[in-house]
Amino acid sequence: MAKRDNRLRREEKTILAMIRIYCRGHHRHKKESLCPECQELLAYAERRLDKCPFGSDKPTCAQCAVHCYKADIRRQVRQVMQYAGPRMIWRHPYLAIMHLLNQWNTKKTQG
Ligand SMILES: [Zn+2]
């Protein structure tokens with residue numbers, strides 16, 4: 001397992017940070033942890049990243065040609081990103097920029 005790569009780690013961190021922001025804003029979850037619903041979403045996202053066939057060559061999920069997310073989950077993730085995206089700039093500027101958030105909103109929306 002040479003480098004189970006920075007890229008994926010970063011993407012994991014990004015999605016965690018975003019779900020946290022979203023959860024706190026929408027579900028009024030007080031602790032550092034996530035509510036069960038958001039935890040499930042995160043777990044799903046992490047499983048997808050683990051199984052990603054592109055490994056370290058992976059584009060960000062938003063740009064990826066393989067739509068491995070189920071449609072309804074994708075919708076959920078998109079909501080999270082739309083909400084958390086602008087807020088990420090303040091809390092996690094590095095992650096936010098690296099992730100190229102807009103991709104989620106501007107790519108094809110069907111699915
Ligand atoms: Zn939540």
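**Note on helix packing around H1**

1. The axes of H1 and H3 cross at roughly 100 degrees and come within 8 Å of each other. Because angles of 65 to 115 degrees count as roughly perpendicular, H1 and H3 are described as roughly perpendicular to each other. The model under review is a predicted one.

2. On the H1 side, this contact is made by Thr 14, Ile 15, Ala 17, Met 18, Ile 19, Ile 21, Tyr 22, Arg 24, Gly 25 and His 26. H3 contributes Val 77, Gln 79, Val 80, Met 81, Tyr 83, Ala 84, Gly 85, Arg 87, Met 88 and Arg 91. The residues of the contact of H1 with H3 comprise 12 nonpolar, five polar and three charged.

3. For H1 and H2, the axes come within 10 Å and cross at roughly 165 degrees. The angle is over 145 degrees, which makes H1 roughly antiparallel to H2. The crossing of H1 past H2 is right-handed.

4. In this second contact, H1 residues including Leu 8, Glu 11, Glu 12 and Leu 16 meet H2 residues, among them Leu 41, Leu 42, Ala 45 and Glu 46. The contact of H1 with H2 divides into 11 nonpolar residues, four charged and no polar.

5. The largest nonpolar core has 20 residues, and those with the most contacts inside it are Ile 15, Ile 19 and Cys 38. Helices H1 (6-26), H2 (36-51) and H3 (71-91) are the elements that give two or more residues to this core. H1 gives the most, with seven residues. Ile 15 and Ile 19 of H1 also take part in the contact with H2, as does Cys 38 from the H2 side.

Conventions:
Residues are numbered from 1 along each chain as its sequence is written. This is a predicted model: local features need pLDDT of at least 70, side-chain atom pairs count only at pLDDT 80 or more; totals for chains, interfaces and linings use all residues. Side-chain values use heavy atoms; hydrogens and water are left out. A nonpolar core is a set of buried Ala, Val, Leu, Ile, Met, Phe, Trp, Tyr and Cys residues joined through side-chain atoms within 4.5 Å. Buried means under 20% relative accessible area, exposed over 50%, partly exposed in between (1.4 Å probe, protein chains only). Helices (H or I, at least four residues) and strands (E, at least two) are DSSP runs, numbered from the N terminus. Axes are lines fitted to C-alpha atoms, for helices over the stretch in contact, and angles run from 0 to 180 degrees between N-to-C directions. Angles under 35 degrees count as roughly parallel, over 145 as roughly antiparallel, 65 to 115 as roughly perpendicular and the rest as oblique. A crossing is left-handed if the near helix is turned anticlockwise from the far one by less than a right angle, and right-handed if clockwise. Contact means heavy atoms within 4.5 Å. Ala, Val, Leu, Ile, Met, Phe, Trp, Tyr, Cys and Pro count as nonpolar, Asp, Glu, Lys and Arg as charged, and the others, Gly among them, as polar.
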